[in-house]
Every structure is written in structure tokens, then in C-alpha cells.
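Reader: I want a close look at one part of this model. Please take the ligand site.

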Amino acid sequence: MEKTFIMVKPDGVQRGLIGEIISRFEKKGFQMVGGKLMTIPRELAEQHYTEHKERPFFGELVQFITSGPVFAMVWAGDGVIATARQMMGKTKPADADPGTIRGDFGITVGKNIVHGSDSPESAEREIALFFKDEEQVDYKKLV
Ligand code: CMP
């Protein structure tokens, strides 16, 4: 089953949007197979955002994502990587369509509520950074 990494960022957590975001993915039909509230250590933030390390906003990005608790999740389902990206909307909330998470709740590109893996390679890498195998459930074993 395809899996992706989704994270409610510190702005989304502080604004009380964890439940709203989980609800959207649940209603769509995806299954949460891992989830935890955590404050990201600097080193993990730098690893997570390593592809942006040469960008001028890298320092700001790491500072923000470590500034308060995030809710990190693994979601599973057919096509979940691409569909989650559609449900989140464009990175810049001003360009994100109404009906998407960022279109409905965000304003600025830095504080854009939620992160989601952008490819199968990113999903695998990001899930492994944040979750051990035993922190992910297998629903087949529960029924
Ligand atoms: P995210 O999906 O978490 O992946 C990289 C993040 O970089 C992106 O969401 C934005 O929040 C952030 N980002 C992109 N462009 C800028 C920018 N110009 N200034 C600050 N943050 C940015």
C-alpha cells in the first residue's frame, strides 16, 4: 500500500487545525498508520529539509519548523502521495485553490499549515526519518 508523510506544522497545531486536517484525510478514505505530537530537534529538521539547504530561506524554515510542536503522520492508500498534495493545495497559500487545506487556512508561504511528501522517494525518506517500523500499524492485523 502506498504511504506518504504528512505533518501539521507549528502554525497548524497552534491554530487547532490537527483535527480538521486528520478529518479531511479520513473522510477521503485514507488510513493513518502512524501519528505523533513532537517538537522537532534541529538536526532532524535540517535532514528533513536538506534539499532546501542552499535556499536563502533555509535558516528561517528550520527555525520555524522547530519553533513549536508539530503533528507528524504516515497516511496510507492508493495514490495517497499525489492526492494528499492536491488536498493540501499549492505551497504558496495565496495561490492555493479554495477547498484545499492551504487555500482554506493559510496566508503565507512560510506558515503554510501542512507539509506533505512530493514524490515516492521523498515519502520513503521522510517516513524513515520520523517513524520507526514499529511506530506504524498494520490494519490487516487488527481485523
Ligand atoms: P514544505 O512543503 O514544508 O516544503 C518546503 C517549505 O519551504 C515549504 O513547504 C514552505 O513552507 C517553505 N518555503 C518555500 N518558499 C519559502 C520562502 N520564500 N520563504 C520561507 N519559506 C518558504
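By class, how many nonpolar, polar and charged residues does the shell around the ligand have?

Author: This is a predicted model, where local features need pLDDT of at least 70 and side-chain atom pairs 80 or more, while totals for chains, interfaces and linings use all residues. Residues are numbered from 1 along each chain, and side-chain values use heavy atoms, without hydrogens or water.

The shell has 4 nonpolar, 5 polar and 3 charged residues (Gly counts as polar, Tyr as nonpolar). Around the ligand stand K9, Y49, H52, F57, E60, L61, T91, R102, V109, G110, N112 and H115 (a heavy atom within 4 Å).

Now the polar contacts (N or O pairs within 3.5 Å). The side chain of K9 puts an N or O atom 2.7 Å from a ligand oxygen. For N112, the side-chain N or O atom is 3.3 Å from an oxygen of the ligand. R102 also takes part: a polar atom of its side chain lies 3.5 Å from a ligand oxygen.

The ligand takes up the space of the largest pocket (an open set of 1 Å grid points with protein on both sides within 12 Å along at least five of seven lines; more than half of the ligand's atoms lie within 2 Å of its points).

How values were computed. A polar contact is a pair of N or O atoms within 3.5 Å; within protein, one must be able to donate a hydrogen and the other to accept it, and residues adjacent in sequence count only if both atoms are side-chain atoms. On a 1 Å grid over the protein atoms alone, a cavity is a set of points where a 1.4 Å probe fits but cannot get out, and a pocket is an open set with protein on both sides within 12 Å along at least five of seven lines; lining residues have an atom within 4 Å of a point.
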